[in-house]
Amino acid sequence: MDIAAAKTFLEVARTGSFVNAAAALNLTQAAVSARIRVLEEQLDHPVFVRGKNGITLTRAGEQFMRFATSLIQTWENARRAVALPPGSETVVTVGAELSLWNPLLGHWLLWMRRERPDFALRVGIAPPETLMQQVQEGAIDVAVLYGAPQRPGVVTELLVEERLVLVTTEPATDSPDETKHVRVDWGREFDASYRAAFPERGEAQVSISYGPLALEYLLATGGSAYFRKGFIGPWLETGQLRLVPGSPEFPYPAYIVHSSKLDPAVMACVREGLRASAALLA
(Lines give C-alpha, C1' and ligand atoms only; values in the text may rest on other atoms or scores of the structure.)
Protein backbone atom coordinates (compact mmCIF):
# COMPACT_ATOMS: atom_id res chain seq x y z
CA MET A 1 0.00 0.00 0.00
CA ASP A 2 1.28 3.44 -0.98
CA ILE A 3 1.40 5.68 2.12
CA ALA A 4 1.07 8.77 -0.09
CA ALA A 5 -2.14 7.37 -1.58
CA ALA A 6 -3.58 6.73 1.89
CA LYS A 7 -2.72 10.28 3.00
CA THR A 8 -4.28 11.67 -0.17
CA PHE A 9 -7.44 9.61 0.39
CA LEU A 10 -7.80 10.97 3.93
CA GLU A 11 -7.28 14.55 2.77
CA VAL A 12 -9.89 14.25 0.00
CA ALA A 13 -12.31 12.73 2.51
CA ARG A 14 -11.60 15.52 5.00
CA THR A 15 -11.96 18.41 2.55
CA GLY A 16 -14.64 16.85 0.31
CA SER A 17 -12.83 18.09 -2.79
CA PHE A 18 -9.94 17.08 -5.04
CA VAL A 19 -9.11 20.74 -5.51
CA ASN A 20 -8.95 21.49 -1.77
CA ALA A 21 -6.98 18.32 -1.11
CA ALA A 22 -4.47 19.28 -3.79
CA ALA A 23 -4.00 22.69 -2.21
CA ALA A 24 -3.56 21.21 1.28
CA LEU A 25 -1.02 18.65 0.03
CA ASN A 26 0.76 21.13 -2.27
CA LEU A 27 0.04 18.93 -5.28
CA THR A 28 -1.67 19.40 -8.61
CA GLN A 29 -5.25 18.22 -8.97
CA ALA A 30 -4.04 15.75 -11.60
CA ALA A 31 -1.60 14.23 -9.10
CA VAL A 32 -4.36 13.84 -6.50
CA SER A 33 -6.65 12.19 -9.08
CA ALA A 34 -3.86 9.84 -10.13
CA ARG A 35 -3.20 8.73 -6.56
CA ILE A 36 -6.88 8.05 -5.91
CA ARG A 37 -7.14 6.15 -9.21
CA VAL A 38 -4.21 3.91 -8.23
CA LEU A 39 -5.77 3.36 -4.79
CA GLU A 40 -9.08 2.33 -6.32
CA GLU A 41 -7.28 -0.07 -8.66
CA GLN A 42 -5.46 -1.65 -5.71
CA LEU A 43 -8.69 -2.00 -3.72
CA ASP A 44 -10.67 -3.03 -6.81
CA HIS A 45 -13.45 -0.70 -5.66
CA PRO A 46 -14.24 3.02 -6.06
CA VAL A 47 -13.77 4.96 -2.83
CA PHE A 48 -15.43 8.24 -3.85
CA VAL A 49 -18.58 9.26 -5.69
CA ARG A 50 -17.98 12.38 -7.80
CA GLY A 51 -21.10 14.50 -7.99
CA LYS A 52 -22.19 18.06 -8.71
CA ASN A 53 -22.27 18.81 -5.00
CA GLY A 54 -18.77 17.50 -4.33
CA ILE A 55 -17.13 14.26 -3.22
CA THR A 56 -18.74 11.64 -0.98
CA LEU A 57 -17.43 8.31 0.26
CA THR A 58 -18.70 5.07 -1.18
CA ARG A 59 -19.40 2.12 1.11
CA ALA A 60 -15.92 0.81 0.28
CA GLY A 61 -14.47 4.23 1.07
CA GLU A 62 -16.16 4.29 4.46
CA GLN A 63 -14.75 0.82 5.22
CA PHE A 64 -11.26 1.85 4.12
CA MET A 65 -11.31 5.05 6.23
CA ARG A 66 -10.36 3.42 9.54
CA PHE A 67 -7.70 1.26 7.91
CA ALA A 68 -6.15 4.29 6.22
CA THR A 69 -5.98 6.10 9.55
CA SER A 70 -4.38 3.06 11.20
CA LEU A 71 -1.96 2.69 8.31
CA ILE A 72 -0.74 6.28 8.67
CA GLN A 73 -0.39 5.91 12.45
CA THR A 74 1.61 2.70 12.09
CA TRP A 75 3.81 4.28 9.44
CA GLU A 76 4.52 7.33 11.61
CA ASN A 77 5.34 5.06 14.54
CA ALA A 78 7.74 3.03 12.37
CA ARG A 79 9.33 6.19 10.96
CA ARG A 80 10.00 7.54 14.45
CA ALA A 81 11.46 4.20 15.53
CA VAL A 82 13.92 4.22 12.63
CA ALA A 83 14.84 7.89 13.07
CA LEU A 84 16.21 7.55 16.59
CA PRO A 85 17.23 10.70 18.46
CA PRO A 86 21.01 11.02 19.06
CA GLY A 87 22.17 8.78 21.90
CA SER A 88 19.03 6.62 21.90
CA GLU A 89 18.95 2.86 21.34
CA THR A 90 15.22 2.51 20.80
CA VAL A 91 11.89 4.34 20.93
CA VAL A 92 9.08 3.24 23.24
CA THR A 93 5.57 4.53 22.64
CA VAL A 94 3.26 4.35 25.67
CA GLY A 95 -0.35 5.39 26.10
CA ALA A 96 -2.46 5.66 29.23
CA GLU A 97 -5.89 6.63 30.44
CA LEU A 98 -6.10 10.19 31.68
CA SER A 99 -6.78 9.14 35.28
CA LEU A 100 -3.63 6.99 35.30
CA TRP A 101 -1.32 9.80 34.33
CA ASN A 102 -1.26 11.34 37.79
CA PRO A 103 0.69 10.04 39.58
CA LEU A 104 1.51 6.59 38.13
CA LEU A 105 2.69 7.54 34.64
CA GLY A 106 4.39 10.64 35.99
CA HIS A 107 6.51 8.44 38.30
CA TRP A 108 7.22 6.02 35.45
CA LEU A 109 8.39 8.77 33.10
CA LEU A 110 10.87 10.03 35.70
CA TRP A 111 12.02 6.46 36.42
CA MET A 112 12.68 5.77 32.75
CA ARG A 113 14.65 8.95 32.20
CA ARG A 114 16.76 8.19 35.27
CA GLU A 115 17.31 4.45 34.72
CA ARG A 116 17.25 4.22 30.92
CA PRO A 117 18.27 7.54 29.37
CA ASP A 118 19.08 5.60 26.18
CA PHE A 119 15.34 5.03 25.59
CA ALA A 120 13.49 7.70 23.63
CA LEU A 121 9.96 7.99 25.02
CA ARG A 122 6.71 8.90 23.28
CA VAL A 123 3.83 9.18 25.77
CA GLY A 124 0.19 10.00 25.08
CA ILE A 125 -3.25 10.03 26.70
CA ALA A 126 -6.34 8.45 25.14
CA PRO A 127 -9.61 6.68 26.07
CA PRO A 128 -9.27 2.97 26.89
CA GLU A 129 -11.01 1.78 23.71
CA THR A 130 -8.60 3.82 21.59
CA LEU A 131 -5.58 2.55 23.52
CA MET A 132 -6.58 -1.10 23.04
CA GLN A 133 -7.05 -0.54 19.33
CA GLN A 134 -3.71 1.25 19.02
CA VAL A 135 -1.86 -1.60 20.75
CA GLN A 136 -3.60 -4.17 18.59
CA GLU A 137 -2.77 -2.24 15.41
CA GLY A 138 0.83 -1.55 16.43
CA ALA A 139 0.38 2.22 16.65
CA ILE A 140 1.72 2.17 20.24
CA ASP A 141 3.89 -0.35 22.08
CA VAL A 142 2.32 -0.36 25.54
CA ALA A 143 -0.87 0.90 27.17
CA VAL A 144 -1.75 1.26 30.85
CA LEU A 145 -5.46 1.19 31.61
CA TYR A 146 -8.22 -0.10 33.84
CA GLY A 147 -10.45 -3.03 32.92
CA ALA A 148 -8.42 -4.26 29.93
CA PRO A 149 -10.30 -6.82 27.78
CA GLN A 150 -8.56 -9.81 26.18
CA ARG A 151 -7.82 -9.44 22.47
CA PRO A 152 -5.91 -11.53 19.90
CA GLY A 153 -2.21 -10.69 19.68
CA VAL A 154 -2.34 -8.57 22.84
CA VAL A 155 -0.82 -9.50 26.21
CA THR A 156 -2.58 -8.24 29.35
CA GLU A 157 -0.75 -8.19 32.70
CA LEU A 158 -2.00 -7.05 36.09
CA LEU A 159 -0.01 -4.00 37.17
CA VAL A 160 -1.55 -2.99 40.49
CA GLU A 161 -4.69 -3.86 42.44
CA GLU A 162 -5.81 -0.42 43.53
CA ARG A 163 -8.67 0.09 45.97
CA LEU A 164 -11.50 2.58 45.76
CA VAL A 165 -12.23 3.92 49.26
CA LEU A 166 -14.89 6.22 50.67
CA VAL A 167 -13.52 9.49 52.05
CA THR A 168 -15.20 12.54 53.51
CA THR A 169 -14.34 16.10 54.47
CA GLU A 170 -16.66 15.92 57.48
CA PRO A 171 -15.43 15.50 61.06
CA ALA A 172 -15.33 12.02 62.61
CA THR A 173 -18.56 10.23 61.76
CA ASP A 174 -19.49 6.81 60.46
CA SER A 175 -22.36 8.21 58.35
CA PRO A 176 -21.46 11.16 56.10
CA ASP A 177 -24.28 13.35 54.80
CA GLU A 178 -25.69 11.38 51.84
CA THR A 179 -27.02 14.53 50.19
CA LYS A 180 -23.45 15.79 49.78
CA HIS A 181 -22.10 12.56 48.27
CA VAL A 182 -20.37 13.04 44.90
CA ARG A 183 -20.65 10.15 42.47
CA VAL A 184 -17.38 9.64 40.59
CA ASP A 185 -17.55 7.57 37.42
CA TRP A 186 -15.19 4.62 37.99
CA GLY A 187 -16.79 2.43 35.33
CA ARG A 188 -19.59 -0.08 35.06
CA GLU A 189 -18.15 -2.67 37.46
CA PHE A 190 -17.77 -0.11 40.24
CA ASP A 191 -21.24 1.27 39.56
CA ALA A 192 -22.79 -2.19 39.89
CA SER A 193 -20.83 -2.91 43.09
CA TYR A 194 -21.72 0.50 44.56
CA ARG A 195 -25.44 0.01 43.90
CA ALA A 196 -25.29 -3.45 45.46
CA ALA A 197 -23.54 -2.06 48.57
CA PHE A 198 -25.90 0.95 48.88
CA PRO A 199 -29.23 -0.24 47.42
CA GLU A 200 -31.21 2.41 49.29
CA ARG A 201 -29.36 5.36 47.78
CA GLY A 202 -30.75 7.20 44.80
CA GLU A 203 -28.91 9.23 42.19
CA ALA A 204 -26.35 11.71 43.47
CA GLN A 205 -26.99 15.41 42.90
CA VAL A 206 -23.45 15.78 41.53
CA SER A 207 -21.74 13.20 39.31
CA ILE A 208 -18.26 13.78 37.86
CA SER A 209 -16.45 11.55 35.37
CA TYR A 210 -12.87 12.60 36.18
CA GLY A 211 -11.32 11.86 39.59
CA PRO A 212 -9.01 14.91 39.99
CA LEU A 213 -11.88 17.25 39.08
CA ALA A 214 -14.14 15.50 41.60
CA LEU A 215 -11.45 15.86 44.28
CA GLU A 216 -11.07 19.57 43.58
CA TYR A 217 -14.84 20.01 43.83
CA LEU A 218 -15.05 17.96 47.04
CA LEU A 219 -12.31 19.95 48.77
CA ALA A 220 -14.03 23.20 47.82
CA THR A 221 -17.59 22.30 48.80
CA GLY A 222 -17.29 19.42 51.28
CA GLY A 223 -18.92 16.01 51.17
CA SER A 224 -17.92 12.44 50.44
CA ALA A 225 -16.85 10.39 47.43
CA TYR A 226 -14.97 7.28 46.37
CA PHE A 227 -11.37 7.74 45.23
CA ARG A 228 -8.33 5.59 44.52
CA LYS A 229 -6.56 5.14 47.84
CA GLY A 230 -3.10 5.72 46.40
CA PHE A 231 -4.19 8.97 44.79
CA ILE A 232 -5.73 10.63 47.86
CA GLY A 233 -2.89 9.72 50.26
CA PRO A 234 -1.54 13.29 50.58
CA TRP A 235 -4.96 14.67 51.56
CA LEU A 236 -5.43 11.91 54.13
CA GLU A 237 -2.08 12.82 55.67
CA THR A 238 -2.97 16.52 55.95
CA GLY A 239 -6.40 15.74 57.41
CA GLN A 240 -8.33 17.45 54.60
CA LEU A 241 -9.90 14.06 53.92
CA ARG A 242 -10.48 11.07 56.14
CA LEU A 243 -11.53 7.50 55.51
CA VAL A 244 -15.08 6.59 56.50
CA PRO A 245 -14.68 3.65 58.91
CA GLY A 246 -16.57 0.49 58.07
CA SER A 247 -17.38 1.58 54.54
CA PRO A 248 -16.96 -1.00 51.74
CA GLU A 249 -13.86 -0.87 49.54
CA PHE A 250 -13.89 -1.88 45.89
CA PRO A 251 -11.06 -3.34 43.76
CA TYR A 252 -9.86 -1.21 40.86
CA PRO A 253 -7.06 -3.05 39.04
CA ALA A 254 -4.80 -1.38 36.51
CA TYR A 255 -3.26 -3.39 33.66
CA ILE A 256 -0.26 -3.29 31.35
CA VAL A 257 -1.27 -4.11 27.79
CA HIS A 258 1.28 -4.72 25.03
CA SER A 259 1.73 -6.50 21.74
CA SER A 260 2.99 -10.08 21.87
CA LYS A 261 5.54 -9.03 19.22
CA LEU A 262 7.20 -6.35 21.36
CA ASP A 263 10.91 -6.92 22.04
CA PRO A 264 11.03 -8.85 25.37
CA ALA A 265 14.06 -6.89 26.61
CA VAL A 266 12.33 -3.56 25.96
CA MET A 267 9.12 -4.79 27.59
CA ALA A 268 11.04 -6.03 30.63
CA CYS A 269 12.45 -2.54 31.20
CA VAL A 270 9.07 -0.84 30.72
CA ARG A 271 7.45 -3.36 33.07
CA GLU A 272 10.13 -2.87 35.75
CA GLY A 273 9.61 0.89 35.67
CA LEU A 274 5.82 0.60 35.85
CA ARG A 275 5.95 -1.82 38.77
CA ALA A 276 8.43 0.40 40.63
CA SER A 277 6.12 3.37 40.04
CA ALA A 278 3.06 1.39 41.16
CA ALA A 279 4.88 0.41 44.38
CA LEU A 280 5.10 4.10 45.30
CA LEU A 281 1.30 4.20 45.46
CA ALA A 282 1.05 1.39 48.01
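Tutor: Let's start with a term: a crossing of two helices is right-handed if the near helix is turned clockwise from the far one by less than a right angle, and left-handed if it is turned anticlockwise. Keep in mind that this is a predicted model.

Student: Which hand does the crossing of α1 and α2 have?

Tutor: The crossing of α1 and α2 is right-handed.

Student: How do I describe two packed helices?

Tutor: In general, you give the angle between their axes and the distance between the axes. Here, α1 (residues 3-15) packs with α2 (residues 18-25) at about 125°, and the axes are 8 Å apart. Angles of 65 to 115 degrees count as roughly perpendicular, and those over 145 as roughly antiparallel. The two helices are therefore oblique to each other.

Student: Which residues make the contact between α1 and α2?

Tutor: From α1 come Thr8, Glu11, Val12, Arg14 and Thr15, while α2 brings Phe18, Asn20, Ala21, Ala24 and Leu25.

Student: At what angle do the axes of α1 and α3 cross?

Tutor: They cross at roughly 110° and come within 9 Å, with α3 spanning residues 29-43. That makes α1 roughly perpendicular to α3. In α1, Ala4, Ala5, Thr8, Phe9 and Val12 meet Val32, Arg35, Ile36 and Leu39 of α3.

Student: Now α8, please. Which residues are buried there?

Tutor: Buried means under 20% relative accessible area. In α8 (residues 211-221), that applies to Gly211, Ala214, Leu215 and Leu218. Looking down the axis of α8, you find these buried residues within an arc of 100°, so they line one face of the helix. On the other side, Glu216 and Ala220 are exposed.

Student: What do the buried residues of α8 pack against?

Tutor: Their partners are the strands β7 (181-184), β8 (206-208) and β9 (224-228), together with helix α9 (233-238). Just after α8, look for Gly222, which takes a positive phi of about 85°.

Student: How many residues are in the largest nonpolar core?

Tutor: It has 49 residues, and Tyr226 and Phe227 have the most contacts inside it. Beyond its neighbours within four places in sequence, Tyr226 is in contact with residues including Leu164, Trp186, Phe190 and Phe250. A second, separate core has 14 residues, among them Phe18, Ala22, Leu39 and Ile55.

Methods: Residues numbered from 1 in each chain as written. Predicted model: local features only at pLDDT ≥ 70, side-chain atom pairs only at ≥ 80, totals over all residues. Heavy atoms only, no water. Buried < 20%, exposed > 50% of the residue type's maximum accessible area, 1.4 Å probe, protein only. Helix = DSSP H or I, 4+ residues; strand = E, 2+ residues; numbered from the N terminus. Arc of directions from axis to C-beta. Contact = heavy atoms within 4.5 Å. Core = buried A, V, L, I, M, F, W, Y, C linked by side-chain atoms within 4.5 Å. Axes fitted to C-alpha atoms, helices over the stretch in contact; angles between N-to-C directions. Parallel < 35°, antiparallel > 145°, perpendicular 65-115°, else oblique.
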